[in-house]
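Have your viewer ready and follow along, one selection at a time. Each stop tells you what to pick and what you will find there.

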Amino acid sequence: MTIEQLIWLGLFLLTFVTLISFIWVFAPYFPTRKGHLELIKKVANLKDGETFYELGCGDARVSIALAKAYPKANLIGLEMAGPLFFYAWTKAKLSGCKNIQIKWKNIFWQDLSDANSVYVFGMTESLNKKLKEKFLTDLKPSSRIISYVFTMKSWPGETKTFMGEISDKDETKITVYTV
Ligand SMILES: C[S@@+](CC[C@H](N)C(=O)[O-])C[C@H]1O[C@@H](n2cnc3c(N)ncnc32)[C@H](O)[C@@H]1O
């Protein structure tokens, strides 16, 4: 194979992987509103040494905000879409926070048994069941699921709702489920 053919093959594979990672996602990319980060920081209330996962971290704005607010907690952002992973990874490196890791990974392939809290934005109807099963299998008792906007049906444990607003037109609901 010539160098030219190798370059074309490389470009083709890169485009293919990027397209697949955008298509094979549980939710399209839509970031948490920056104005809601303060409420999320309060609701997360991470203790020293605790581990927090952001499932489908997008540009990692939530993980980075929490890494700054809770420097002694461990923040892990998982993102499957290649370009978003790379963007989030770069942002996390530039943030200077030492307590954050961004992984290029499908959330369903990650063992969450060391998590104290997980954050999810994108629990659509079709995903609800799959995620709920994963949470109940992986998460240890007393760990928490912080769900932005979306809610989960018939959760067996404690459920608390927090409302926050940036302006009259921009309120949000955060639901915390305890295992
Ligand atoms: C609604 S966005 C939320 C982004 C970010 N958590 C935030 O709140 O700003 C959902 C993200 O999950 C990612 N995603 C979807 N399915 C995934 C999967 N199976 N594994 C990892 N990431 C996934 C998408 O690429 C997208 O970036």
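Leaving aside its neighbours within four places in sequence, which residues is Phe 52 in contact with? Select Phe 52 and look around: the residues in contact with it are Ala 44, Leu 46, Leu 66, Ala 73, Leu 75, Asn 116, Ser 117 and Tyr 119. Keep in mind as you look that this is a predicted model.

Next, widen the view to the largest nonpolar core, which has 40 residues. Phe 52 is among those with the most contacts inside this core, together with Tyr 53, Leu 66, Val 118 and Val 120.

Now show helix H2, residues 37–44, and helix H3, residues 61–69. The axes of H2 and H3 come within 10 Å and cross at roughly 60°, which makes H2 oblique to H3. The crossing of these two helices is right-handed. To see the contact itself, colour Leu 37, Ile 40, Lys 41 and Ala 44 on H2, then Arg 61, Val 62, Ala 65, Leu 66 and Ala 69 on H3. Of the residues in this contact, seven are nonpolar, two are charged and none is polar.

Is Lys 72 buried or exposed? Lys 72 is exposed, because it has 10 other C-beta atoms within 10 Å, and 12 or fewer count as exposed. Not counting residues up to four places away in sequence, Lys 72 touches Asp 48 and Gly 49.

Conventions
Residues are numbered from 1 along each chain as its sequence is written. This is a predicted model: local features need pLDDT of at least 70, side-chain atom pairs count only at pLDDT 80 or more; totals for chains, interfaces and linings use all residues. A nonpolar core is a set of buried Ala, Val, Leu, Ile, Met, Phe, Trp, Tyr and Cys residues joined through C-beta atoms within 7 Å. A residue is buried if 20 or more other C-beta atoms lie within 10 Å of its own, exposed if 12 or fewer, and partly exposed in between; C-beta atoms are placed from the backbone. Two residues are in contact if their C-beta atoms, placed from the backbone, lie within 7 Å. Helices (H or I, at least four residues) and strands (E, at least two) are DSSP runs, numbered from the N terminus. Axes are lines fitted to C-alpha atoms, for helices over the stretch in contact, and angles run from 0 to 180 degrees between N-to-C directions. Angles under 35 degrees count as roughly parallel, over 145 as roughly antiparallel, 65 to 115 as roughly perpendicular and the rest as oblique. A crossing is left-handed if the near helix is turned anticlockwise from the far one by less than a right angle, and right-handed if clockwise. Ala, Val, Leu, Ile, Met, Phe, Trp, Tyr, Cys and Pro count as nonpolar, Asp, Glu, Lys and Arg as charged, and the others, Gly among them, as polar.
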